[in-house]
Amino acid sequence: GKVMNERNMISNSCFEDGLTDWSIGGNAEIVTLSTGEKALKVSNTPHESNTISTDLNISGKQGEMYKLSFWFKNEGTTKYVNASEIEGTIVSLGLYGDNPGEVTYNYLESNKTEWQYYSTYVTATSDFNLAKFFIIFERQANDFYITDIMVTKDPRLTHFDYDENGNIITMTDLSNKTNSF
């Protein structure tokens, strides 16, 4: 039968192995939190862009859903600007294949004192053979911390069908029950 458990697809998600499997564009280091956990600390300056990223060795089909979650503390600013002038801390889980996939970007809120939990679902809009998790720091100052990053496949939904405009027209679940919209 189908196994209904989560498997984290991010390697070195808690930075126990330092920066292994991570690409860092900027000033970053591994720190130990008061809880004993490891976290990545990115030190930002307002005149430079920084990035962190990791590739996930997965492929998938259109309609598959993935959950992205992590804990973070963002001591930078929160600002939403038009597409030609971006400012803020931007997170994404991109799913890439032969057809250009849709990459969803979200801004991370600032809070200089409290850790925040981030969670979102990403649905593959086409078949893909590469997934990439990344955070971009645009015109940011101050520090950013992140740990316990998880990407898991959501087993509850297995297939979506789309019309020519990209709208979902049917959804099929694990029991092969199809819902039409």
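Is Y117 buried, partly exposed or exposed? Y117 is partly exposed, with a relative accessible area of 43%. On this scale, buried means under 20% relative accessible area, exposed means over 50%, and partly exposed is in between, for a 1.4 Å probe with protein chains only.

The model is predicted: local features need pLDDT of at least 70, side-chain atom pairs count only at pLDDT 80 or more, and totals for chains, interfaces and linings use all residues. Residues are numbered from 1 along each chain as its sequence is written, and side-chain values use heavy atoms, with hydrogens and water left out.

The chain has 13 strands and 0 helices. Both kinds of element are DSSP runs numbered from the N terminus, helices being H or I with at least four residues and strands E with at least two. Of the 181 residues, 39% count as buried. Contact means heavy atoms within 4.5 Å. Among contacts between residues at least 6 apart in sequence, 72% join residues at least 24 apart. The chain exposes about 10000 Å², and carbon and sulfur atoms supply 46% of that area. Accessible areas come from the Shrake-Rupley method with a 1.4 Å probe, and for residues only the protein chains shown count as cover.

Next, the interior. In soluble globular proteins, nonpolar side chains tend to be buried together. A nonpolar core is here a set of buried Ala, Val, Leu, Ile, Met, Phe, Trp, Tyr and Cys residues joined through side-chain atoms within 4.5 Å. The largest such core has 30 residues, of which L68, F70, F133, I135, I146 and I149 touch the most other members. Strands β3, β4 (50-56), β5, β6 (88-96), β8, β9 (130-138) and β10 (142-154) each supply at least two residues of this core. Leaving aside neighbours within four places in sequence, I135 is in contact with N50, T51, I52, T89, I90, V91, L108, F144 and I146.

F144 is also touched by K41, whose other contacts, not counting residues up to four places away in sequence, are N27, A28, E29, V31, D143 and Y145. K41 is placed in strand β3 (residues 38-44) and counts as buried because its relative accessibility is 17%.

The aromatic residues come next. Rings of Phe, Tyr and Trp (its six-membered ring) pair if their centres lie within 6.5 Å; planes under 30 degrees apart count as stacked, over 60 as edge-to-face and the rest as tilted. The whole structure holds 10 aromatic pairs. In one of them, the ring centres of W71 and Y117 are 5.1 Å apart and the planes stand at 55°, so the pair is tilted. W71 lies in strand β5 (residues 65-74) and Y117 in strand β8 (residues 116-123), so the pair ties together parts that are 46 residues apart in sequence. One aromatic cluster is formed by F15, W22, F70, F72, Y118, F133, F137 and F144.

W71 counts as partly exposed, at 37% relative accessibility. Together with W115 and Y117, W71 forms a nonpolar surface patch with about 300 Å² of accessible area. Patches are made of residues with over 30% relative accessible area and no salt bridge, with like charges joined within 9 Å and nonpolar side chains (Val, Leu, Ile, Met, Phe, Trp, Tyr) within 5 Å. A salt bridge is a side-chain nitrogen of Lys or Arg within 4 Å of a carboxyl oxygen of Asp or Glu.

Finally, K61 is found in the loop between β4 and β5 and counts as exposed, at 51% relative accessibility. Leaving aside neighbours within four places in sequence, K61 is in contact with A124, S126, D127 and F128.
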